[in-house]
Amino acid sequence: IISGTIENRAGEPLADVGIELLDLDGYFLSETRSDADGAWRSFPLLTGSYFVATESDPSGYNRELYDNHLCLPASQCDEPAYVVTNGTPLQVDGAPIVGIDFRLDRGIVFRDGFE
């Protein structure tokens, strides 16, 4: 199990933000959501390495790949090579991994077809 919190830069919890778990090739495995306190927890996981990323939030927060890697445009975190080369993999070996926290910024808007 992997768990943590999601907050904005002011330290206020963000509820109902999607968190994706990805395999080492960057492929989607499962999703969970943060609760009213900003806390989130994965489903039980097999031994292995995983990447964690937040989804683009409807209230305008940027998508982020653990550890503090901004996904701009957000679709970049959907490309396996990008995830593998820029994220921090987490090794699950039976013991829970806690403290996988995100502090999200508001979205950045670009012109000319970029996010």
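Not counting residues up to four places away in sequence, Ile6 touches Glu12, Pro13, Leu14, Val17, Ile19, Ser34, Gly38, Trp40, Thr54, Phe102 and Leu104, where a contact means heavy atoms within 4.5 Å. This is a predicted model, in which local features need pLDDT of at least 70 and side-chain atom pairs count only at pLDDT 80 or more, while totals for chains, interfaces and linings use all residues. Residues are numbered from 1 along each chain as its sequence is written, and side-chain values use heavy atoms, with hydrogens and water left out.

Ile6 belongs to strand S1 (residues 3–8). Ile6 is buried, with a relative accessible area of 0%; buried means under 20% relative accessible area, exposed over 50%, and partly exposed in between, with a 1.4 Å probe and protein chains only. From Ile6 to Trp40 the C-alpha to C-alpha distance is 7.7 Å, although 34 residues separate them in sequence.

Looking at the whole protein, one helix and nine strands are present, in the order β-β-β-β-β-β-β-α-β-β from the N terminus on. Helices (H or I, at least four residues) and strands (E, at least two) are DSSP runs, numbered from the N terminus. Of the 115 residues, 39% are buried. Among contacts with a separation of 6 or more, 62% come from residues 24 or more positions apart.

Strands S2 (residues 18–22) and S3 (residues 28–33) run antiparallel and are joined by five bridges; two strands pair if DSSP finds at least two bridges between them. Glu20 stands opposite Glu31 in S3. The hairpin of S2 and S3 has five residues between the strands, and there Gly26 takes a positive phi near 85°.
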